[in-house]
Amino acid sequence: MPIPAVKPALDADAPDPRPLPPQRVHWEHTFVSITGSNGEGEEIPLTGFSGKDWPSFFMQAGATGLDMPPFELHSDDSPNLDGGMYRGTRATQREVLLPIFIWGVDRKTLKDQKRKLLASLNPKNGYCVLKFMESDGQPKYLYAYYKAGLEGNESEDSAGFRWLKIGIQMTAFDPWFYSDRLQVAEWDFGQGDAFFGASFLPLNLSQGFPSEVTLPVVNPGDIEAWPVWEITGPVQSFNFTGPDKKSFAIDLQSGGGDVVPTGRTLTIDTRPGYKTLKDDQGANYYPLLAANPQLWSVPAGKSTVSIKLVSGSGVAHVRMTLTPRYESY
């Protein structure tokens, strides 16, 4: 006779031993495009049918170099020990190969499209921006220079009267992918008061308003990111300490007063290749840094930074902008 199914009694605090099967998520194909002339040229779609001349450019199977970048390992050897001792590592430049099929409705269309691609990729016109976007709508960008692949091959398997197959070789000297969704955080530092009022002495002496806070920071990328700081006066001195305890500071100046006056904004760009401290009028603040400055980065994930700031007689404003970096698109 049939055996009735009985629902077993479950502990309310225990997980369900019969998990639901995973549900399929509809996901569109990856959109890829290339834009030359330092990202200021015409965007050329390599997938889909979004171009005005479609179907003309098709990205084929076989692309390489789009996931983890290559790494260089550093080690020391000892004459008395087997093997070596690990010292460090760094990501090196990324080599990318994009197999492209070009098709034209006629010979003229093919030649026009080929010329457009040649002009866009020419490294004398600047770098190219490779854009990758999945169905989540969050694009990732890789900045690369054309290296080889468009020298011309008219063999039977590589070209026809209205079509052409090419393999574009590119080098990304910066191997990381970037997002256009910046992480921005802003803080205000309190109101300073004069230590002696103007009625007491001819000079208005201000000791400012010291503030020291520990602030949470989130870097959604895969690796460390280098923040850009904007400090709007009045500020007499400051000290910024990162999650790894590295710091940079400008101490109180011997003549007193605000190092960043009211209404002026000092921008501290910690990114590699920049490392600048300039205000909105072009003044260079780098010589004012305290001894042994270290313009630190923010690691991936959640961390905290410490800001010690002495404002002048007003409200100082600090803004941090992070551009997340990713290992792959």
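The backbone oxygen of P299 lies 3.3 Å from a polar atom of the N219 side chain, a polar contact being a pair of N or O atoms within 3.5 Å in which, within protein, one atom must be able to donate a hydrogen and the other to accept it, with residues adjacent in sequence counted only if both atoms are side-chain atoms. The model is predicted, and local features need pLDDT of at least 70, side-chain atom pairs count only at pLDDT 80 or more, and totals for chains, interfaces and linings use all residues. Residues are numbered from 1 along each chain as its sequence is written, and side-chain values use heavy atoms, with hydrogens and water left out.

The side chain of N219 also reaches the backbone nitrogen of G221, at 3.0 Å. N219 belongs to strand β12, residues 209-219; strands (E, at least two residues) and helices (H or I, at least four) are DSSP runs numbered from the N terminus. With a relative accessibility of 1%, N219 counts as buried. Here buried means under 20% relative accessible area, exposed means over 50%, and partly exposed lies in between, with a 1.4 Å probe and protein chains only. When neighbours within four places in sequence are left aside, N219 is in contact (heavy atoms within 4.5 Å) with E224, A225, V298, P299, A300, G301, L322 and P324.

The largest nonpolar core has 30 residues, and W229 and F238 are those with the most contacts inside it. Such a core is a set of buried Ala, Val, Leu, Ile, Met, Phe, Trp, Tyr and Cys residues joined through side-chain atoms within 4.5 Å. Two or more residues each are given to this core by β11 (183-189), β12, β13, β14, β15 (247-250), β16, β18 (301-311) and β19 (316-322). The largest share, four residues, comes from β19. Apart from this core lies another, of 28 residues, which includes L117, F132, Y146 and A172. In soluble globular proteins, nonpolar side chains tend to be buried together.

Leaving aside neighbours within four places in sequence, W229 is in contact with W187, F240, F248, L266, T267, I268, T270, W296, I307, V318, R319 and M320. M320 is found in strand β19 and is buried, with a relative accessible area of 3%. Not counting residues up to four places away in sequence, M320 touches Q183, V184, A185, W187, V217, P227, V228 and W229. The C-alpha atoms of M320 and T267 are separated by 9.8 Å, although the two residues are 53 apart along the chain.

The structure holds 15 aromatic pairs. Rings of Phe, Tyr and Trp (its six-membered ring) pair if their centres lie within 6.5 Å, and planes under 30 degrees apart count as stacked, over 60 as edge-to-face and the rest as tilted. F71 and W176 form an edge-to-face pair, 6.4 Å centre to centre with 65° between the planes. F71 lies in strand β4 (residues 71-77) and W176 in the loop between β9 (163-172) and β10 (177-179), so this pair ties together parts that are 105 residues apart in sequence. F71 is partly exposed at 43% relative accessibility, whereas W176 is buried, with a relative accessible area of 10%.

The rings of F240 and F248 have centres 5.4 Å apart and planes at 45°, so this pair is tilted. F240 is buried at 0% relative accessibility, and F248 is buried with a relative accessible area of 1%. One aromatic cluster is formed by W187, W229, F238, F240, F248 and W296.

Charged side chains also sit over rings, a relation that requires NZ of Lys or CZ of Arg within 6 Å of the ring centre and within 35 degrees of the ring normal. The charged end of R271 lies over the ring of Y274, 3.9 Å from its centre. K140 lies over the face of Y326, at 4.6 Å from the ring centre.

Backbone geometry was also examined. Most residues other than glycine have a negative phi, and most peptide bonds are trans. N38, which is not a glycine, has a positive phi of about 60°; N38 lies in the loop between β1 (31-35) and β2 (43-45) and is partly exposed, with a relative accessible area of 34%. K275, also not a glycine, has a positive phi of about 50°. K275 is in the loop between β16 (265-269) and β17 (276-279) and counts as partly exposed at 29% relative accessibility. A cis peptide bond, with omega about 15°, joins G233 and P234, and P234 lies in the loop between β13 (228-232) and β14 (235-241).
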